[in-house]
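I hope it is handy to have beside the structure while you look around.

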Amino acid sequence: LVSALAAQSATAVTVNPVKITEVNPGGSSTSSGYSADWFELTNTGSGTIDITGWKMDDNSFSYANSVALLGVTSILAGKSVIFLESSAANFNTVSTDFKSAWFGSHVPSSLVLGYYSGSGVGLSQSGDGVVVYNSSGTQMAKVIFGANNTQKTFDNTAGLDNTTINTLSAVGTNGAWTASNSIREIGSPGGVAPVPVPAASWLLVSGLGALGVLGRRKPI
């Protein structure tokens, strides 16, 4: 039984529910109203994921150059978190301005914001990338994107990973809308609600722990 489960798990281990589902390299424009680039990290799985100690980097794609993801310690199943480029000292101001710019006075209670900062990290409208690592330095999600000088975010609701994303947000598609700010950005921050990945497939985090338990059980 254990060997059969191990064989089945070998194919499931590659399924990773953590996805970078939206990126805005133009948020740092002063005309955005909040002056911060951001990306959206989504848990497409069926269980809460602990992201304590996780880090991100831009297109140097290097764990050694990565900076901490702060302000959020877990992502609930099927939910998204927005990470804003901001220092700890400015985070309250940036997050307040972000909410006002995108939602006006109708900020959803489910919106979760975190932040990151570092001198070597910044998302360029000329083309860049985002990579996320767990606390052990294992790559969890990665996207690359080209030039984008529009007010539209990159929409990766499809959950593409370790590849280039090109789709720009469009009003009415995947929940995207026009922001309340003066430059009328288009996107859907915090709005992804993907189909959950079965919990049994998420063995990259569990480390086949369940199999170890089965292997130690005595016959009934």
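This is a predicted model: local features need pLDDT of at least 70, side-chain atom pairs count only at pLDDT 80 or more; totals for chains, interfaces and linings use all residues.

1. Strand 7 and its partners. Strand 7 runs parallel to strand 8, with four bridges joining the two. If you want to find this pairing on screen, look for leucine 84, whose bridge partner in strand 8 is tyrosine 115, and for phenylalanine 83, which has glycine 114 as its bridge partner in that strand. Towards strand 2 the direction is antiparallel, and five bridges join strand 2 to strand 7. Here glutamate 40 stands opposite isoleucine 82 of strand 7. Strand 7 is largely enclosed by the rest of the structure, because five of its six residues are buried.

2. The largest nonpolar core. Which residues have the most contacts inside the largest nonpolar core? They are Val23, Phe39 and Leu41, in a core of 26 residues. Two or more residues each come from strand 1 (18-24), strand 2 (38-43), strand 7 (80-85), strand 9 (128-133) and strand 10 (139-145). Strand 10 gives the largest share, four residues. As general background, nonpolar side chains in soluble globular proteins tend to be buried together.

3. Setting aside residues up to four places away in sequence, valine 23 touches Trp38, Phe39, Leu123, Val130, Val143, Phe145, Thr153, Phe154 and Ile165. Apart from the core described in point 4 lies another one, of 15 residues, which includes Trp38, Leu84, Phe91 and Phe98.

4. Aromatic pairs. The whole structure holds 11 aromatic pairs. One of them brings together phenylalanine 103 and tryptophan 177: the ring centres are 5.3 Å apart and the planes meet at 45 degrees, so this pair counts as tilted. It links distant parts of the chain, since phenylalanine 103 belongs to helix 2 and tryptophan 177 to strand 13 (residues 177-178), 74 residues apart.

5. Threonine 163 and lysine 142. Threonine 163 sits in strand 12 (residues 163-165) and is partly exposed, because its relative accessible area of 32% falls between the 20% and 50% cut-offs. Beyond its neighbours within four places in sequence, threonine 163 is in contact with Lys142, Val143 and Ile144. Lysine 142, for its part, lies over the face of phenylalanine 61, at 4.2 Å from the ring centre.

Technical notes: Residues are numbered from 1 along each chain as its sequence is written. Side-chain values use heavy atoms; hydrogens and water are left out. A nonpolar core is a set of buried Ala, Val, Leu, Ile, Met, Phe, Trp, Tyr and Cys residues joined through side-chain atoms within 4.5 Å. Buried means under 20% relative accessible area, exposed over 50%, partly exposed in between (1.4 Å probe, protein chains only). Contact means heavy atoms within 4.5 Å. Two strands pair if DSSP finds at least two bridges between them. Rings of Phe, Tyr and Trp (its six-membered ring) pair if their centres lie within 6.5 Å; planes under 30 degrees apart count as stacked, over 60 as edge-to-face and the rest as tilted. A charge sits over a ring if NZ of Lys or CZ of Arg is within 6 Å of the ring centre and within 35 degrees of the ring normal.
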